[in-house]
Amino acid sequence: MCWICDAKTPGTFNGPSSHSPWAPRRAFLLAAGAAATTLVTSPVLAQVDVGKSSAMRNLVPAEALEGSARQQYVQVLAQARAKGALAPDNHPQLKRLRAMAAKLIPYTRQWNSRAAGWQWEVNLIGSPQINAWCMPGGKIAFYTGILDQLKLTDDEAAMIMGHEMAHALREHARARLAKSQATDMGLRLGAQLLGLGQVGDLAAGLGSQLLTLKYSRDDETEADLVGLEIAARGAYQPEASVNLWKKMMAANGGSGGPGFLSTHPAGPERIKQLEANVPKVQTLYQQARRG
């Protein structure tokens, strides 16, 4: 996933409330779904240009991958809960993140029509990792390390959330897994001739790969720009995207982010691209603030 760094021992959220009831999470899911339905009633024109999604993703059925992601997400939460590292529903930082998601979710449908039916969920895991991710189907997790160590403002945290949402919306995981499986099976360009089944049936067993998936340079650029626009529409300051990456570079000694991969854009390049696109979404931000 994105923002990958070395695994650390999860932190602990003490007290009986660590084993929080399902009801508040269900309430959040329902509220987010209602917001997505009522706040966005017609398609809106994108201000950033990221082209079309990869056609390769069609080799892996979306439903199968999203189902696998849900199972993996449940496992991650169960493991965190067992260690006392899953934030209870009344945790201030988790409430902050869920309020943020409620503002961003209504602006996801223009990037992927399937998002209207996703059961979005946001959880917080106690860990020093500088990490956050969004699985296919809208399953989001933040780690306390990224909030605490970078001392993120709401605007900066929203840029991260928008970025991670964008990976799911642009179906980067689906495309990467399809390409990987097609190559492994020796299908390559001939994969389509063999039908979806031979590649698509593998999707149900791919959930465990979602947490270690490495995105390409183009995937990261797309996620930066789509996330920037989603956050701006949610009334979060676009310039915060630039401030965020300056913090990320500083936190990693100037190398551009935790566990930063050579295939990803370097920090300065990333900042330059964001600076060039901030003006494109500034009006959206101003309109959102007035609204």
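In which sense do β1 and strand β3 pair, and over how many bridges? In this predicted model, β1 and β3 (residues 139-143) run parallel to each other and are joined over five bridges. Within that pairing, L124 has F142 of β3 as its bridge partner.

**The sheet and the helices packed on it**

The sheet is open and consists of three strands, ordered β1-β3-β2, with mixed pairing. Its edges are formed by β1 (121-125) and β2 (132-135), each of which pairs on one side only. From one strand to the next, the twist averages 15°.

Two helices pack on this sheet. Helix α2 touches β1, β2 and β3, while helix α3 touches β1 and β3. Their directions relative to β1 are set out below.

| Helix | Residues | Strands touched | Angle with the direction of β1 |
|---|---|---|---|
| α2 | 62-82 | β1, β2 and β3 | about 30° |
| α3 | 92-104 | β1 and β3 | about 155° |

**The chain as a whole**

The protein chain contains ten helices and three strands. Read from the N terminus, the elements follow the order α-α-α-β-β-β-α-α-α-α-α-α-α. Of the 291 residues in the protein chain, 53% are buried. The accessible surface of the protein chain amounts to about 12,700 Å², and carbon and sulfur atoms account for 54% of that area. Contacts between residues at least 6 apart in sequence were also examined: 80% of these join residues at least 24 apart.

**Helix α10**

Helix α10 covers residues 267-290, a total of 24 residues. From its first C-alpha to its last, α10 reaches 32 Å, which is close to the 34 Å expected at 1.5 Å a residue. At K280, α10 bends by about 45°.

Which residues of α10 are buried? They are G267, R270, I271, L274, N277, V278, V281, Q282, L284 and Y285. The spacing of such positions can be read against helix geometry: an α-helix has 3.6 residues a turn, so residues three or four places apart point the same way. The buried set of α10 includes G267, R270, I271 and L274, and also N277, V278 and V281.

Which elements are included in what covers these buried residues? The cover of the buried residues of α10 includes α5 (154-169), α8 (217-233) and α9 (240-251).

Technical notes. Residues numbered from 1 in each chain as written. Predicted model: local features only at pLDDT ≥ 70, side-chain atom pairs only at ≥ 80, totals over all residues. Heavy atoms only, no water. Pairing = 2+ DSSP bridges. Helix = DSSP H or I, 4+ residues; strand = E, 2+ residues; numbered from the N terminus. Axes fitted to C-alpha atoms, helices over the stretch in contact; angles between N-to-C directions. Contact = heavy atoms within 4.5 Å. Buried < 20%, exposed > 50% of the residue type's maximum accessible area, 1.4 Å probe, protein only. Areas by Shrake-Rupley, 256 points an atom, 1.4 Å probe, with all protein chains shown as cover. Expected span 1.5 Å × (residues − 1). Bend = angle between axes of the 7 residues up to and from the residue.
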